[in-house]
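Please read the following report with the sequence and the structure side by side.

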Amino acid sequence: MEISDEILESVSRERCARARDILRRSGVAEAWRQAGDEVNIVGSLRMGLMMKHRDIDLHIYSSPLTVEASFAAMARIAACPNIGRIECCNLMSTPERCIEWHAEWTEPDGETWTIDMIHIERGSRYDGYFERMADGVVRAADGPMRRAILRLKWLTPDSEHIMGVEYYRAVIEGGVRTFDELQAWRAAHPADGVVEWIP
C-alpha cells in the first residue's frame, strides 16, 4: 500500500507520543529510579523513528548490579494491572553484564506493547553505548534519510524481523532507499548478535 511521507511522519509522531504516555502512566521508569537506578530511553523512541512495532526500549544502570535488586524493582512493576507476561534473561556472566527484562503492557483498548528494560552494570562494555548510537543517528540522518527509514520500516512485512540498527546503518552508511536495496544490503552485511555501529 502506497503511503505519503506526511502520513508516515504523522504515524511516527503519534506512536512516539503514545509510547511516552505509556511510560508516564506505567510508572516503570519511576520504579527503577526509586531503587536508585539511572533510566534512559534508547532505541526508536529516543530517535523519534517509531513505526509499526509497539515497543519501548529502556536502559537502566546500577552500580553495583545485583540480581536481587533487579528482581525487587521488577516486583513493583509487575504489580501494575496493565502488565501481563514478564520474561527475564540473566546475562551477568557474559561481557554484556546485564539482566534483560521484557514486559507486556496492555492498553484499555486491547493494544499490546512491549517494554524492554535492559538492566546494565555501570562501567561495563555497553554502558551508554546505545544512547550514543541513537544520538549519532539523530545527528547524521537528515530529513530525507529519516523519511527513508520510516518508509522501510513501514514496508517490512510483520513476519520479518529486522533490527533497528540495520535500517539506520543501511540508509545512513549505505545510501539504501528501497526495500529491495535493504534486502541486498542485509545480505551483504549480515547482523549476528549485537551490531556495534555509531554513525
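Val39 has Ile60 as its bridge partner in S2, and Glu38 stands opposite Tyr61 in that strand. These pairs belong to the antiparallel pairing of strand S1 (residues 38–42) with S2, which extends over five bridges. Here helices (H or I, at least four residues) and strands (E, at least two) are DSSP runs, numbered from the N terminus, and two strands are said to pair if DSSP finds at least two bridges between them. This is a predicted model, in which local features need pLDDT of at least 70 and side-chain atom pairs count only at pLDDT 80 or more, while totals for chains, interfaces and linings use all residues. Residues are numbered from 1 along each chain as its sequence is written, and side-chain values use heavy atoms, with hydrogens and water left out.

**The sheet**

Strands of a sheet pair through backbone hydrogen bonds, either parallel or antiparallel. In this model, five strands form an open sheet with mixed pairing, in the order S1-S2-S5-S4-S3. Because S1 and S3 stand at the edges with a single partner strand each, one side of each is left without a neighbour in the sheet.

| Strands | Sense | Bridges |
|---|---|---|
| S1 (residues 38–42) and S2 | antiparallel | five bridges |
| S2 and S5 (residues 112–121) | parallel | eight bridges |
| S4 (residues 98–106) and S5 | antiparallel | nine bridges |

Leu58 stands opposite Met117 in S5, and Trp105 stands opposite Trp113 in S5.

How many of the residues of S1 and of S2 are buried? Buried means under 20% relative accessible area, exposed means over 50%, and partly exposed lies in between (1.4 Å probe, protein chains only). Four of the five residues of S1 are buried, so this strand is largely enclosed by the rest of the structure. In S2 (residues 55–62), seven of the eight residues are buried, so S2 too is largely enclosed by the rest of the structure.

**Helices**

H1 lies across S1, S2, S4 and S5, and runs at about 65 degrees to S5. H4 also packs on the sheet, where it touches S3, S4 and S5, and its direction makes about 170 degrees with that of S3. Axes are lines fitted to C-alpha atoms, for helices over the stretch in contact, and angles run from 0 to 180 degrees between N-to-C directions; contact means heavy atoms within 4.5 Å.

The axes of H1 (residues 5–26) and H6 come within 10 Å and cross at roughly 80 degrees. The two helices are therefore roughly perpendicular to each other, given that angles under 35 degrees count as roughly parallel, over 145 as roughly antiparallel, 65 to 115 as roughly perpendicular and the rest as oblique. In this contact, Asp5, Leu8, Glu9 and Ser12 in H1 meet Arg147, Leu150, Arg151 and Trp154 in H6.

The axes of H6 (residues 143–155) and H7 (residues 164–172) likewise come within 10 Å, crossing at roughly 135 degrees, and H6 and H7 are therefore oblique to each other.

**A loop residue**

Asn82 lies in the loop between helix H4 (67–78) and strand S3 (83–90), and at 23% relative accessibility it counts as partly exposed. Asn82 and Thr106 are 24 residues apart in sequence, yet 5.3 Å apart in space, C-alpha to C-alpha. Leaving aside neighbours within four places in sequence, Asn82 is in contact with Glu104, Trp105, Thr106 and Pro108.
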